[in-house]
Amino acid sequence: MKRSPIVAIATSVLALAGCVTLGLASTWRPTRGERFDDAVADGVVGTIQGTNIFDAIDYTPLGAPGSLVLPTQLVYKAEFRTRPVREKGLTLIDGDVVVTIACNLKERDGTHKLADELAWHLNEMSGRQPKVVDISAKPESGPVIVIGRDDGKARELESIIRRNGDELYIGGVGDGVSQAITYVLESLGCRYLFPGKAGKVIPKREKVELDDIALDYVPRLKVRLMKVPVTGNHKVNDGLRAYGFEPSEYSKLERAKVDRPGNRGFWQWHGVNAGKIVKTDNPTFQASVLAGHQYGGYYARFFKEHPEWFALQNTGSRQQETNSHPRLCTSNPQLREQIAKDTIRVFEANPGRQGASICMPDGGYMTYCMCDECRKLDPANSPVSRGYLYRSKEKPHSWAKHPYSYVSLTDRMLDFSNDIQRRVRAACPGKHVVQFVYSNYTQPPVKLRPDPDIVFFNVAGNYGDAKRFPALRRNIAAWLSFGNQTVWRPNCLAGLGGGNRYPVNYGRLFFNDISDFKANGVVGVSLDCCSADYSAAGFMFYMIAKAMTNPDRLDYETIAADWCRTGFGKAADEIADYMLELEKHYMQAAEGAMGVGGYMDRFDIGEFEARLDKARKLADGDFDVLARIDYLAVSLECAREAAKVRAAWKTGDWKKLGAARKVYKDRIKEIVIAHPDATRPGGCVHMLGRPATAEERDRFQQALADDDPDREKAAP
Ligand SMILES: [Zn+2]
């Protein structure tokens, strides 16, 4: 099925926003009075309902006004400390003395892998290889490191390090053990600055002494996730093929992202995406409360029998054009009963689960329900909300903004969610439903308070427009005031918009927001839209990871300076300036809401190259540092290629653009093959730049479709 160019663009935007791909049907274009069955699109089942007259629906919220007054400011500010200064502690390696590492080798519960990784690092440091033995063969006298598990004795994700004479104990629960190992390695001077060999810092020394460290740390964030593109996922695979990579071939290249087979990857080292490194007896909160769109199968399952369960469109019909992402009439009592039943079934089938998602599908181009019963749940004094509420007859396949005022749908979504949570509680006490704070129900409610057992994944946040930064904090402050467990799950890594191949740094925004949200009780951070373009954004990713798990509570400046010092030695100051310049450049673009195009147009690639050249001179002879500078330079090489596509776009000549895109893809492929640890195929080639007018956009969309029928597959 060939999709229309507009759908293709929308699909890319959605993919970028981390939403589900649309299963939209092709090119149906109704006009006033036209019957839906004249143009039934692929995948639509069921009968025709309603009058099919656009604007048949009254857009008046019918709910009585609410009187909730919610806080607009976060209560706490994150507090930071200085790096602890410690005495020297256990000597691990000195002359003939080499530490022994003991763990449970029989159970193979993950601690054995960490023992191996620790031993490898110590050998890299000193040239002496510690023995890894089973706990039953632990030597009588030290030095010895014992890696253990404290399930049942400690709290979820707790990390424990304690010394008793010549013995150092490293333990905890689940990923807490892994984080304790990271803490030990970082205390020894090791760092994982970005993926790949160049990103690992391992200081060389004959005598390896550990500071007298001790740790008993329960992280505030129980959920720490980063959605990186995973080869094998069909969308990611399509993106790889667009750049001429077979996924299996690319998988082999990707191995370069870990410094040594068997070691934890960059994210796992930092405690992100780390759920299964060390076995734990209890299912983790992270694994059992994941949010995700549900009810994709409801249209095929129920439309025939219960058309009234589906959202009334402004066409007057409840028929949905998408079979896999329907909008639902969430006020319908029988629908609610069905959803409660299905949710309870999830818990019955998985008794260890703590939560089950009741997040609504994205709906494709379908609008939210505008029936009387739904509108009765919309308080008349709710704030104004736009988008996804109205389908224009001229452009049924675009997200037309509502031409009239309508209100936020948060209260209606809470009415629904509270009802489901109440029914679930009656059948399965102690279990949580998981709901998004998202789309037209992002703004805080004006009437209803959420049931305290609901877990929220709050998608609020936009880092592309500085005017919107304060709104994020107001939003989080209001929602946290209810006391519900809340995971911040923004699409803020989309930055100024999609398609950027340029180096970026807005790590401070993330660091400060994550730190303050933690201080105010957010229980998780789950970030979507990760480019995994580590050369371009590795520093920012590092700052994000450090904000998520920060046992010493170090501030941004301290961690940023440490990144530059440990990674770049004599060139540290120059690299620090490079990152500050990138940050300044980003913030100016965000303050002007200039989008990716504005960022690119004002970016002087030569100036940033000159900065790296200066850093190279300062680091002369230090090959590790030079390799890291080369790693950063890869993103400037990619930027030079992207700039050419951008320039072709601006000519208005689609043939030039098509040719430039072909060259771009080939060049990016070459760069990825040369530096697979530093960058990846990606960046939406067809979104490089923003057409100024609708006419210009349509012209280009048509041109691109002619040029490349598979263009929607161009980027993951
Ligand atoms: Zn309804």
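Visitor: Over how many bridges do strand S5 and strand S7 pair?
Guide: First, this is a predicted model: local features need pLDDT of at least 70, side-chain atom pairs count only at pLDDT 80 or more, and totals for chains, interfaces and linings use all residues. Residues are numbered from 1 along each chain as its sequence is written. Strands here are DSSP runs of E (at least two residues) and helices are runs of H or I (at least four), numbered from the N terminus, and two strands pair if DSSP finds at least two bridges between them. For S5 (residues 144-147) and S7 (residues 167-172) the sense is parallel, and the number of bridges is 4.

Visitor: And which residue in S7 stands opposite Val146?
Guide: S5 and S7 run in the parallel sense where they pair. Look across from Val146 into S7 and you land on Tyr169.

Visitor: Which strands stand at the edges of the 6-strand sheet?
Guide: That sheet is open and mixed, in the order S4-S3-S5-S7-S6-S11. Two of its strands have a single partner strand each, so one side of each is left without a neighbour in the sheet: they are S4 (131-134) and S11 (215-217).

Visitor: What does the twist average from one strand to the next?
Guide: Take the strands in sheet order, S4-S3-S5-S7-S6-S11. Going from one to the next, the twist averages 20 degrees.

Visitor: What angle does helix H2 make with S3?
Guide: H2 (residues 111-126) packs on the sheet and touches S3 (100-103), S4 and S5; contact needs C-beta atoms, placed from the backbone, within 7 Å. Axes are lines fitted to C-alpha atoms, for helices over the stretch in contact, and angles run from 0 to 180 degrees between N-to-C directions. On that scale, H2 and S3 make about 170 degrees.

Visitor: How does H2 lie relative to H3, parallel or antiparallel?
Guide: H3 (residues 175-187) lies across S5, S6, S7 and S11. H2 and H3 pack at about 10 degrees, axes 11 Å apart. Under 35 degrees counts as roughly parallel, over 145 as roughly antiparallel, 65 to 115 as roughly perpendicular and the rest as oblique. That makes H2, relative to H3, roughly parallel.

Visitor: Which residues in H3 meet H2?
Guide: H2 brings Thr111, Leu114, Leu118 and His121. From H3 come Val177, Ser178, Ile181 and Leu185.

Visitor: How far apart are the end C-alpha atoms of helix H20?
Guide: H20 (residues 654-674) has 21 residues, and the expected span is 1.5 Å times one less than that number. The expectation is 30 Å, and the ends agree with it, being apart by 30 Å.

Visitor: Is Pro247 buried or partly exposed?
Guide: Pro247 is found in helix H5 (residues 247-254) and touches Thr231, Gly232, Asn237 and Leu240, not counting residues up to four places away in sequence. With 17 other C-beta atoms within 10 Å, Pro247 is partly exposed.

Note on methods:
Two residues are in contact if their C-beta atoms, placed from the backbone, lie within 7 Å. A residue is buried if 20 or more other C-beta atoms lie within 10 Å of its own, exposed if 12 or fewer, and partly exposed in between; C-beta atoms are placed from the backbone.
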